[in-house]
Amino acid sequence: MLAIPLLVAVVGLAPHDAVAVSLVTVGIIAAIGAVRGLRLGLVEWRAAAVFAVTGMAAAPIGARIGAALPEPLLMAAFAALMVYVAQRMWRSARRGAECPAGACAIQRDGRFHLTRRCVAVLCGAGVAVGLM
């Protein structure tokens, strides 16, 4: 999330160019992290698949929207998103919760259960990320 503003402010790229550079960079970094997660057995495939498929489905729409937006509006949208996420993280940290309870969680039996609510949240998050 910080890549685009940093590429614009520090490197001097135009916002639309920064989006493209960021996508490639984040994709490579994510692939490296995924390989490590696979080796350690940390990947919950069903959740990852729901999140990825909905994100990929929304990505072309997000690309069209991003290309159509004026650069100042695009940067303002990223800034607003960063403020929102920072506020959520700040509140969570102040409560002292290491991992706040959410729609998707490890159950008492130690297994990850993909509930309807969890799938709905993963789909919504995937679409949101795809649109970005």
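Is Ala3 buried, partly exposed or exposed, and what is its relative accessible area? Ala3 is partly exposed, because its relative accessible area is 26%; here buried means under 20%, exposed means over 50%, and partly exposed is in between, with a 1.4 Å probe and protein chains only. The model is a predicted one, in which local features need pLDDT of at least 70 and side-chain atom pairs count only at pLDDT 80 or more, while totals for chains, interfaces and linings use all residues. Residues are numbered from 1 along each chain as its sequence is written, and side-chain values use heavy atoms, with hydrogens and water left out.

**The chain as a whole**

- The chain has 5 helices and 0 strands, and these are DSSP runs numbered from the N terminus (helices: H or I, at least four residues; strands: E, at least two).
- Read from the N terminus, the order of elements is α-α-α-α-α.
- The C-alpha trace spans about 50 × 30 × 25 Å along its principal axes.
- Of the 132 residues, 18% count as buried.
- Among contacts with a separation of 6 or more, 61% come from residues 24 or more positions apart; a contact means heavy atoms within 4.5 Å.

**Where α2 meets α4**

- Helix α2 (residues 15-40) and helix α4 (residues 71-95) have axes that come within 9 Å and cross at roughly 50°. Axes are lines fitted to C-alpha atoms, for helices over the stretch in contact, and angles run from 0 to 180 degrees between N-to-C directions.
- On the α2 side, Pro15, His16 and Val19 take part, and they meet Glu71, Leu74, Met75 and Phe78 of α4.
- By class, the residues of this contact divide into 5 nonpolar, 1 polar and 1 charged. Nonpolar covers Ala, Val, Leu, Ile, Met, Phe, Trp, Tyr, Cys and Pro; charged covers Asp, Glu, Lys and Arg; the others, Gly among them, are polar.

- Val19, in helix α2, counts as buried because its relative accessibility is 18%.
- Leaving aside neighbours within four places in sequence, Val19 is in contact with Ile4, Leu74 and Phe78.
- Ser22 is also found in helix α2 and counts as buried at 8% relative accessibility.
- Beyond neighbours within four places in sequence, Ser22 is in contact with Ala3, Ile4 and Leu7.
- Ala3 itself lies in helix α1, and its C-alpha is 8.8 Å from that of Val21, 18 residues apart in sequence.
- Thr54 has its place in helix α3 and is buried, with a relative accessible area of 16%.
- With neighbours within four places in sequence set aside, Thr54 is in contact with Leu122, Cys123, Gly126 and Val127.

**The largest pocket**

- About 1800 Å³ of space lies in the largest pocket.
- Its lining has 43 residues, and Ala125, Ala128, Val129, Gly130 and Met132 lie nearest the centre.
- Elements giving two or more residues to this lining are α1 (3-11), α2, α3 (45-68), α4 and α5 (116-131).
- The lining of the largest pocket has 31 nonpolar, 10 polar and 2 charged residues.
- A pocket is an open set of points on a 1 Å grid over the protein atoms alone, where a 1.4 Å probe fits, with protein on both sides within 12 Å along at least five of seven lines; lining residues have an atom within 4 Å of a point.

Notes: Grid points are joined across faces, edges and corners, and a volume is the space filled by probe spheres set on the points.
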